[in-house]
Amino acid sequence: MSAYLHCLSHTPLMGHFDPEPAVLAEIDDVVAAARQRIADFAPELVILFSPDHFNGFFYDLMPSFCIGMAAHAIGDFGTAAGALDVPRELAEACANAVLAAGVDAAVSYRMQVDHGFAQPLEQLLGGLDRCPVIPVFINSVAVPLPGFQRARLLGEAIGRFARTLDKRVLFLGSGGLSHQPPVPELAKVDARMADRLLGSGRNLPADEREARQQRVILAAQRFSSDPNSLHPLNPEWDQQFLDMLSEGRLAELDALGNEELSALAGRSTHEVKTWMAAFAALSAFGPYQASERYYRPIPEWIAGFGSLSARPAS
Ligand SMILES: O=C(O)/C=C/c1cccc(O)c1O
Ligand SMILES: [Fe+2]
């Protein structure tokens with residue numbers, strides 16, 4: 001039984017609208033080093049916390065949390081498409097343990113996931129099916145959202161479950177930090193888009209998929225020259241958040257409400273609850289030591305871009 005953690009921002013703009021080459025090279029180095037540390041740890045099971053962006057989860061039935069018993073990635077923005085290697089019986093045992101701990105996570109036997117799940121699996125493990133993975137969805141964009149406390153309790157329950165396994169377990173958190181890409185809001189869209197958000201967006205026709213992606217790329221291009229065209233990134237808040245995780249001050253964030261968090265760091269910053277859950281899971285193994293912290297605001301990627309590892313202190 002041992003554990004390792006890595007949290008990493010995702011952004012589907014990678015390869016579509018990139019920052020200058022020196023920044024790109026810096027991030028390539030950060031990701032390559034994280035991949036090497038993970039390879040050295042040689043995980044036998046990955047538990048991946050990620051949001052979705054109205055690609056697999058819709059308002060016809062939107063859970064706060066969902067644990068995948070089987071999952072496939074759609075390959076949006078050119079990320080990997082195909083099946084994840086989900087160990088079904090372990091995922092079922094995980095879901096049972098989480099419910100027994102009083103956290104009412106949904107389950108899916110056909111979970112559809114997007115770049116939020118695919119990108120870290122590709123970047124940190126080399127592909128979708130290189131290691132058995134239990135995918136855990138945390139609703140981070142479709143209001144009403146779960147708060148920090150629930151994400152922490154979910155993570156702690158999963159961490160206690162992982163401790164019972166005789167396995168090397170890697171916890172991954174995908175997303176954040178401060179950012180607000182143009183993700184549609186149900187209260188503000190026209191009838192056609194509302195229908196997409198209610199579920200007809202699950203299998204978008206190719207031309208609509210392309211138009212959706214182009215909208216995000218155009219928004220990034222505009223944002224890189226006009227920081228007021230979207231909610232601004234908030235490096236100061238992002239660094240404070242990284243401090244809190246690094247110092248094990250997880251429960252301090254329980255008091256921060258969702259509206260306050262959106263105002264501080266943008267509507268999609270709720271993706272950091274995947275980091276909260278991953279760190280809370282690691283905390284079930286005892287005190288931890290965070291390391292290899294990286295942060296840079298990258299407007300081209302509409303991302304307060306962070307990377308942070310941690311392992312049990314003893
Ligand atoms: O439009 C989407 O599907 C998501 C876009 C996006 C852009 C920047 C950072 C992120 O975390 C995103 O998910
Ligand atoms: Fe995202």
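User: What surrounds ligand 1, and which residues are the closest?
Analyst: This is a predicted model. In it, 14 residues surround ligand 1, and the closest are Thr11, His53, Pro181, Val216 and Ile302.

User: How do the residues of that shell divide into nonpolar, polar and charged?
Analyst: The shell around ligand 1 has 7 nonpolar residues, 6 polar ones and 1 charged one.

User: Let me pick Ile302. Where is it found?
Analyst: Ile302 sits in the loop between strand 10 (288-298) and strand 11 (303-312). Its phi is positive, about 45°, although Ile302 is not a glycine.

User: Is Ile302 buried or exposed?
Analyst: Ile302 counts as buried, because it has 26 C-beta neighbours inside 10 Å and 20 or more are required for that label.

User: What about Ala42: what is its phi, and where does it lie?
Analyst: Phi of Ala42 is near 55°, again a positive value in a residue other than glycine. Ala42 lies in the loop between helix 1 (21-41) and strand 2 (45-50).

User: And is Ala42 buried or exposed?
Analyst: Ala42 is exposed: 10 other C-beta atoms lie within 10 Å, and a residue with 12 or fewer falls in that class.

User: New topic: peptide bonds. Which kind is the one from Val143 to Pro144, cis or trans?
Analyst: The bond from Val143 to Pro144 is cis, with omega near 5°. Pro144 belongs to the loop between strand 8 (133-138) and helix 4.

User: What about the bond from Gly176 to Leu177?
Analyst: The bond from Gly176 to Leu177 is cis, with omega near 5°. Leu177 is placed in the loop between strand 9 (168-174) and helix 5 (191-197). Such bonds deserve a note because most peptide bonds are trans.

User: Back to helix 4. How does it cross helix 9?
Analyst: The axes of helix 4 (residues 148-163) and helix 9 (residues 273-283) come within 7 Å and cross at roughly 40°. That angle makes helix 4 oblique to helix 9. The crossing of the two helices is right-handed.

User: Which residues make the contact?
Analyst: Helix 4 contributes residues including Phe148, Leu154 and Ile158, while helix 9 contributes residues including Met276, Phe279 and Leu282. The residues of this contact divide into 12 nonpolar, 3 polar and 3 charged.

Technical notes
Residues are numbered from 1 along each chain as its sequence is written. Chains are lettered from A and ligands numbered from 1 in the order in which they are written. This is a predicted model: local features need pLDDT of at least 70, side-chain atom pairs count only at pLDDT 80 or more; totals for chains, interfaces and linings use all residues. Axes are lines fitted to C-alpha atoms, for helices over the stretch in contact, and angles run from 0 to 180 degrees between N-to-C directions. Helices (H or I, at least four residues) and strands (E, at least two) are DSSP runs, numbered from the N terminus. Angles under 35 degrees count as roughly parallel, over 145 as roughly antiparallel, 65 to 115 as roughly perpendicular and the rest as oblique. A crossing is left-handed if the near helix is turned anticlockwise from the far one by less than a right angle, and right-handed if clockwise. Two residues are in contact if their C-beta atoms, placed from the backbone, lie within 7 Å. Ala, Val, Leu, Ile, Met, Phe, Trp, Tyr, Cys and Pro count as nonpolar, Asp, Glu, Lys and Arg as charged, and the others, Gly among them, as polar. A residue is near a molecule or strand if its C-beta atom, placed from the backbone, lies within 6 Å of it.
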